[in-house]
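Trainee: I have the sequence and the model open. Could we go through it by question and answer?

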Amino acid sequence: MGIEQKAGEMGVITTTLEQVVNWGRTNSMWPMLFGLACCAIEMMAAQASSYDMSRFGMELNRASPRQSDLMIVAGRVSRKMAPVVRHLYDQMPDPKWVIAMGDCASCGGVYNNYAILQGVDEVVPVDVYVAGCPPRPEGLIHGVITLHDKVRHEKLKTWG
């Protein structure tokens with residue numbers, strides 16, 4: 001006799017705490033407003049009605065790092081801006097994730113000089129890289145889906 005016969009129409013669901021927590025994390029990510037260059041226009045387009053990132057639980061971008069858990073670095077990061085990026089990342093609550101959007105944020109892009117970081121991963125750990133110059137909104141949505149897959153398979157950490 002299986003669980004279907006025992007439960008009947010009671011609507012019983014069996015799962016693990018890890019799956020429930022990761023489901024909640026993937027469906028309630030709040031990205032931080034952090035557009036640095038032309039990729040920010042594509043990030044705004046992904047939030048607009050044509051692509052509608054709210055279907056992933058990302059209705060609004062937060063202006064405060066203390067209220068967000070996803071940093072989307074959209075555009076080139078200068079050496080002067082790097083400490084600010086790190087400071088904002090440190091202010092975000094745990095767990096936190098980072099998406100490097102565009103070639104400039106991923107590897108410096110066409111700016112191979114002393115003033116631009118050759119990838120934002122020099123200052124913050126990056127979870128997902130989105131390629132393109134600038135990447136289309138579909139690319140960012142694919143990056144978000146990739147991040148959701150990563151978060152769904154994370155293990156709960158013991159705090160304390």
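Trainee: Is S68 buried or exposed?
Mentor: The model is a predicted one. S68 lies in the loop between α3 and β2. Its relative accessibility is 2%, and the cut-off for burial is under 20%. S68 therefore counts as buried.

Trainee: Which backbone oxygens lie 3.4 Å from a polar atom of the side chain of S68?
Mentor: Leaving out residues up to four places away in sequence, S68 touches W30, P31, M32, R62, M92 and P93. For the polar atoms of its side chain, look at the backbone. One such oxygen, at 3.4 Å, belongs to S64, and another, also at 3.4 Å, to P65.

Trainee: Which residue is the bridge partner of P31 in β2?
Mentor: β1, residues 31-32, pairs with β2 in the parallel sense. The pairing runs over two bridges. In β2, the partner of P31 is L70.

Trainee: What stands opposite I72 in β3?
Mentor: β2 also pairs with β3, which covers residues 97-101. This pairing is parallel and has five bridges. Opposite I72 stands I99.

Trainee: What is the handedness of the β-α-β unit of β2, α4 and β3?
Mentor: Take the two units of this kind in order. β1, α3 (residues 39-47) and β2 form a left-handed unit. With α4 (residues 82-91) as its helix, the unit that runs from β2 to β3 is right-handed.

Trainee: Where around the axis of α4 do its buried residues lie?
Mentor: The buried residues of α4 are A82, V85, L88 and Y89. They span an arc of only 130° around the axis, which means that they lie on the same side of α4.

Trainee: And which strands are among the elements that cover the buried residues of α4?
Mentor: Covering here is a matter of contact, with heavy atoms within 4.5 Å. The strands that contribute to the cover include β1, β2 and β3.

Trainee: Which element gives the largest share of the largest nonpolar core?
Mentor: That core has 20 residues, of which M53, L70, I99, L140 and L147 touch the most other members. Two or more residues come from each of α3, β2, β3, β4 and α6. The largest share is five residues, from α6.

Trainee: How many residues make up the second, separate core?
Mentor: Among its members are V85, L88 and Y89, which are also among the buried residues of α4. V126 is another member. The second core has 17 residues.

Trainee: What does L147 touch, not counting residues up to four places away in sequence?
Mentor: L147 is one of the residues that touch the most other members of the largest core. Beyond four places in sequence, its contacts are M29, L70, W97, I99, D127 and V128.

Trainee: Which pattern does the chain follow along the sequence?
Mentor: The chain has six helices and four strands. Among its contacts with a separation of 6 or more, residues 24 or more positions apart account for 78%. Read along the sequence, the pattern is α-α-β-α-β-α-β-α-β-α.

Trainee: What percentage of the chain is buried?
Mentor: The C-alpha trace spans about 70 × 40 × 25 Å along its principal axes. The chain has 160 residues, and the buried ones make up 38%.

Conventions
Residues are numbered from 1 along each chain as its sequence is written. This is a predicted model: local features need pLDDT of at least 70, side-chain atom pairs count only at pLDDT 80 or more; totals for chains, interfaces and linings use all residues. Side-chain values use heavy atoms; hydrogens and water are left out. Two strands pair if DSSP finds at least two bridges between them. A crossover is right-handed if, with the strands pointing away from the viewer, the path from the first strand over the helix to the second runs clockwise. Buried means under 20% relative accessible area, exposed over 50%, partly exposed in between (1.4 Å probe, protein chains only). The arc is that of the directions from the helix axis to the C-beta atoms. A polar contact is a pair of N or O atoms within 3.5 Å; within protein, one must be able to donate a hydrogen and the other to accept it, and residues adjacent in sequence count only if both atoms are side-chain atoms. A nonpolar core is a set of buried Ala, Val, Leu, Ile, Met, Phe, Trp, Tyr and Cys residues joined through side-chain atoms within 4.5 Å.
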